[in-house]
Amino acid sequence: MRAPITICLSSVRLSAVTLLALNVFTVPGARAQTSVAQTPPMGWNSWNHFACNVTAADVRHAAEQIASNGMKAGGYVYVNVDDCWQAGRDAQGRIVPNENFGDMKALADFVHSKGLKFGIYSSPGPKTCAGFTGSYQHEEQDAQTYAEWGVDYLKYDWCSASEVHPVSQIKEVYRKMDDALQRTGRPIVFSLCEYGWDLVWRWGASVGGNLWRTTGDIEDKYSSMARIGFGQAGLEAFAGPGHWNDPDMLEIGNGGMSHDEYLTHMTLWCLLAAPLLAGNDLTRVTPRDLAILLNKEAIAVDQDPKGVQGHRVSAEGPLEVWAKPLAEGSVAVGLFSRAREFPVKVSFKDLGFTGPVQVRDLWAHRDLGQFEGEFTAQVPAHGAVMLKVWK
Ligand code: GLA
């Protein structure tokens, strides 16, 4: 039996990577619901494609597709309605869905009947970002209503909350809804959306957040996706089982990026242990785009039970190498070119390996063989090569 290891931080200098590998980062005061989001949430959200045109029928169609196109089997389980579903409140103050949605409980029941989970959206302000009714002064009542409908996931978007709360109270505002959700007794993933304000990654878990947006909204173009994705460097210490950084939802399949750019999107999000919420119209997805979302080897990197968010190993101008340690002792690696096609190199010592290692290509689904010292791949313009390296 091995003797317990005592780490004396005052006398031993351990690198952040070592601390991450040892999983010794904890979040002070964390009280996130422990039963949910032990790996980054996966599913679909209506916003990136449908925005305010979304209807209950679109959500049902998405659920049907997920249940039958391989996504459910791949781990995509949350079917989340974003903004624009609310009509207002009734005489008792209860939130009422608008005519595009009708009976929200019936929609939740339908999603559940497919073996999937149902998510909804609100704001701590009087109005949501698109001007629909928010939860201000109805937090308790809304949480109860969501639980009665069978909601499994709430995205809570700051929006107009600045009109009624100073931003200095942002933690209390989020904690209030978390308390209300906890009192329902229903396990509900709590997704904070306040665009990364006030270094949310430092305190998001302490107010009950299971994930928190770290940036403003993603757009379906390479410049936006790359700025957000590569901009996550340095936040890896704050993610772990039950509490994740959220660089926003996927744009794969929405048509604004090239195939290589969407491969970069998926590779990077999986290395970041980011939530994987598809944001496209699943009734029209091309086989090529669906194959990106369904890559089991990429998903396994994202969902690895160790729950370590990947970090940037090196950046030489537009050429970047990222790595994510996995539970089984292997390391997932991304080689990226943010410019034209270039060879990109990773040194195995930067991954913590000496001597010969095995390398597998996770997009080609091919073992590449044994290598020593370093590995170089030709990376297409705006593209990515995703590897697994092990001893
Ligand atoms: C904000 C959020 C988006 C989306 C819209 C809806 O912009 O960041 O993800 O929810 O509101 O109005």
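Let's start with one residue pair. A332 stands opposite K388 in β18. Keep in mind that this is a predicted model.

That pair leads us to two strands. Strand β13 covers residues 331–337, and strand β18 covers residues 384–390. They pair in the antiparallel sense, over 6 bridges.

Now step back to the whole sheet. In what order do the strands run? The order is β11-β12-β13-β18-β15-β16. That is an open sheet of 6 strands, with antiparallel pairing. What stands at the edges? β11, residues 311–316, and β16, residues 366–371. Each has a single partner strand, so one side of each is left without a neighbour in the sheet. From one strand to the next, the twist averages 25°.

Next, the helices on this sheet. α9 packs on it, touching β11, β12 and β13. The direction of α9 makes about 50° with that of β12, residues 319–325. α10 packs on the sheet too. Here the strands touched are β12, β13 and β18. The direction of α10 makes about 145° with that of β13.

So how do α9 and α10 meet? α9 is residues 222–230, and α10 is residues 259–271. Their axes come within 10 Å and cross at roughly 20°. An angle under 35 degrees counts as roughly parallel, and that makes α9 roughly parallel to α10. The crossing is left-handed. From α9, the contact uses Y222, M225, I228, G229 and F230. From α10, it uses E261, T264, H265, L268 and W269. By class, that contact has 6 nonpolar, 3 polar and 1 charged residues.

α10 has another helix partner: α11, residues 287–294. These two pack at an angle of about 20°, with axes 10 Å apart. That makes α10 roughly parallel to α11. Which hand does this crossing have, left or right? α10 passes α11 in a right-handed crossing. On the α10 side we find H259, Y262, L263 and M266. They meet R288, D289, I292 and L293 in α11. The residues of this contact divide into 5 nonpolar, 1 polar and 2 charged.

Last, the overall layout. The chain is divided into domain 1, residues 21–302, and domain 2, residues 311–390. How many Å separate their centres? The answer is 30 Å, taken over C-alpha atoms. The contact takes 25 residues from domain 1 and 22 residues from domain 2.

Terms used:
Residues are numbered from 1 along each chain as its sequence is written. This is a predicted model: local features need pLDDT of at least 70, side-chain atom pairs count only at pLDDT 80 or more; totals for chains, interfaces and linings use all residues. Side-chain values use heavy atoms; hydrogens and water are left out. Axes are lines fitted to C-alpha atoms, for helices over the stretch in contact, and angles run from 0 to 180 degrees between N-to-C directions. Helices (H or I, at least four residues) and strands (E, at least two) are DSSP runs, numbered from the N terminus. Angles under 35 degrees count as roughly parallel, over 145 as roughly antiparallel, 65 to 115 as roughly perpendicular and the rest as oblique. A crossing is left-handed if the near helix is turned anticlockwise from the far one by less than a right angle, and right-handed if clockwise. Contact means heavy atoms within 4.5 Å. Ala, Val, Leu, Ile, Met, Phe, Trp, Tyr, Cys and Pro count as nonpolar, Asp, Glu, Lys and Arg as charged, and the others, Gly among them, as polar. Two strands pair if DSSP finds at least two bridges between them. Domain bounds come from an automatic or database domain assignment.
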